[in-house]
Amino acid sequence: MVSILTGSEATGTQSDPWPAPLARQPVEAVVAVPGSKSGTNRALVLAALANGTSRLRGALRSRDTLLMAGVLRTLGIEVSTEGPDWVVHGHPTPSAAPTARAECGNAGTVARFTPALATLTRGDVVFDGDARMRERPLTPLLGALRELGAEIDGDRMPFTVHGRGRLRGGEVIVDASHSSQLVSGLLLASPHYDTGVTVVHRGSRLPSAPYLDMTVADLRAAGATVEVDAVCSPAAGPVADTRRWRVEPGRPTAADRTIEPDMNSAAAFLAAAVATGGRVMISDWPESTEQPGRLLPDLLVAMGGTARRTSAGLEITGAGAVHGIDVDLSDFGEAAPILTALAVLADSPSRLRGIAHLRLQETDRLAALALELGRLGARITVADDGLAISPAPLHGARLDPHADHRLAMAYAVVGLVVPGIVIDDIATTGKTVPDFPEMWTAMLDQ
Ligand SMILES: O=C(O)C1=C[C@@H](OP(=O)(O)O)[C@@H](O)[C@H](O)C1
Ligand SMILES: C=C(OP(=O)(O)O)C(=O)O
């Protein structure tokens, strides 16, 4: 069944300027956030080639996950996204439609996780995306797939995968310094390669490592045999971060899966408690998880909040003052926009390190945060590997999120306490949080 996308969910088209609501009192709210983008898109990919039907309970329905479902359909997989549970009718060797086009939007997970699937289908598939996705790193992934036996024309979008219904597999070295997704994209379909895969990352750093743990955990949960080890190789050089993953050939099983709430989407709501000296509870916060969002409570405590776990979820309480933070976010770069929003409200300087890779995400997040929050009077300096933020008086201004959902949500946090902030294109939040403006005003009205 093909679902109809609406507004920016489908196209990323712009919405009217949105006056960010001011919090007239400390926020007191209980918020349920939608399902994890990373969990939903991994579950869709793993279900696609499994023999049988998989049900995804609590799947996220947002631009990035609908794009993933659309690409799977292009590859010949039947995916139903109608109800609260999404259903995937997996097929080990699907056939893509003739002249198939895989539209990836600006979804890194879609652009990086589906080319390997396309090598295992029968047919030629052209991959393309938003203008920004054409610039984001893909070349190391496409090169590695070629080494594993794939026929691919092009090194960047638009490129064509000539699917032959099988892939030889083998061992490849890939530099994932710019994105962990380049490794996840080789691993997620790898049980279906003839000989499985051995992937060695060799590069100056490995960002977003918890997402690789998530890939391994989800592969194992689907029945795959995966080994992970750190590799010491003199050839890697003294500063190189080197790691190896081995996935054995096999047949992942179809399964019912419950998708966790997206802890990244929770970040703005929890930050609202710290910014306003209020209290926000996120319901159903997972007890244990691979999501790097598990680091959020400690980060928010360092900035002046108090965290409490209850059987109902996670509660953050603000104290009325926000403090600066000095932190390495290489594991959790997605937190940087929200932490920057808090940092511009803080009473002491902050330093966010280990996030050079944010230059290559939805936008150059480092430059865009410095430019846009600078319009409010914020003092932000871009360093080689992150941002330095110093306290400064702030005033209202109109802010452009640069088509980046996390920037738009970060501006909304500052807008709670700084009057006169207007956000262009708030609909861009639909990449991961389909009803963000409604959820935000509902939080303030509780
Ligand atoms: O594998 C994933 O689901 C993700 C990995 C990370 O990407 P990078 O490794 O490019 O930072 C993260 O930023 C992204 O939102 C989701
Ligand atoms: C970097 C992100 O997304 P993508 O999956 O497009 O890389 C993100 O959601 O912060």
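In which sense of crossing, left-handed or right-handed, does α11 pass α13? The crossing is right-handed, a term used when the near helix is turned clockwise from the far one by less than a right angle, left-handed being the anticlockwise case.

## Basis of the model

This is a predicted model, in which local features need pLDDT of at least 70 and side-chain atom pairs count only at pLDDT 80 or more, while totals for chains, interfaces and linings use all residues. Residues are numbered from 1 along each chain as its sequence is written, and chains are lettered from A and ligands numbered from 1 in the order in which they are written.

Helices (H or I, at least four residues) and strands (E, at least two) are DSSP runs, numbered from the N terminus.

## Helices α11 and α13

Helix α11 spans residues 336-344 and helix α13 spans residues 405-415; their axes come within 8 Å and cross at roughly 25°. Axes here are lines fitted to C-alpha atoms, for helices over the stretch in contact, and angles run from 0 to 180 degrees between N-to-C directions. The crossing angle makes α11 roughly parallel to α13; angles under 35 degrees count as roughly parallel, over 145 as roughly antiparallel, 65 to 115 as roughly perpendicular and the rest as oblique.

On the α11 side, Pro337, Ile338, Thr340, Ala341, Leu342 and Val344 take part, and they meet Arg406, Leu407, Met409, Ala410, Val413 and Val414 of α13. The residues of this contact of α11 with α13 comprise 10 nonpolar, 1 polar and 1 charged. In this classification Ala, Val, Leu, Ile, Met, Phe, Trp, Tyr, Cys and Pro count as nonpolar, Asp, Glu, Lys and Arg as charged, and the others, Gly among them, as polar. Two residues are in contact if their C-beta atoms, placed from the backbone, lie within 7 Å.

## Helix α4 and its partners

Helix α3 (residues 63-74) and helix α4 (residues 108-120) have axes that come within 9 Å and cross at roughly 25°. That angle makes α3 roughly parallel to α4, and α3 passes α4 in a right-handed crossing. Asp64, Leu67, Met68 and Val71 of α3 form the contact with Thr109, Val110 and Thr114 of α4. By class, the contact of α3 with α4 has 4 nonpolar, 2 polar and 1 charged residues.

Helix α2 (residues 37-48) also packs with α4, at an angle of about 10° and with the axes 11 Å apart. The two helices α2 and α4 are therefore roughly parallel to each other. Lys37, Ser38, Asn41, Val45 and Ala48 of α2 meet Thr109, Val110, Phe113 and Leu117 of α4. The contact of α2 with α4 divides into 5 nonpolar, 3 polar and 1 charged residues.

## Annotated positions

An unreviewed UniProt entry gives the annotation "binding site" to Lys37, Ser38, Arg42, Ser179, Ser180, Gln181, Ser208, Glu334 and Gln361. The UniProt feature "active site", also from an unreviewed entry, is placed at Glu334. UniProt positions are given in the numbering used here, feature names are shortened, and annotations may be inferred rather than shown by experiment.

Glutamate 334 lies in the loop between β18 (326-328) and α11. Glutamate 334 counts as buried because it has 25 C-beta neighbours inside 10 Å; a residue is buried if 20 or more other C-beta atoms lie within 10 Å of its own, exposed if 12 or fewer, and partly exposed in between, with C-beta atoms placed from the backbone. Apart from neighbours within four places in sequence, glutamate 334 is in contact with Asn264 and Arg406.

Serine 179 is in the loop between β10 (170-174) and α7 (181-187), and serine 180 is in the loop between β10 and α7. Serine 179 is buried, with 23 C-beta neighbours inside 10 Å, and serine 180 is buried, with 25. Excluding residues up to four places away in sequence, serine 179 touches Gly108, Pro137, Pro207, His357 and Leu360. With neighbours within four places in sequence left aside, serine 180 is in contact with Leu206, Pro207, Ser208, Ala209, Tyr211 and Leu212.

Pro140, Leu141, Leu142, Ala144 and Leu145 are buried in helix α6 (residues 139-147). The buried residues of α6 pack against α4, β8 (151-153), β9 (159-164), β10 and α7.

Glycine 129 is found in the loop between β7 (122-128) and α5 (131-135). With 22 C-beta neighbours inside 10 Å, glycine 129 is buried. Residues up to four places away in sequence aside, glycine 129 touches Glu103, Cys104, Gly105, Asn106, Ala111, Arg134 and Met157.
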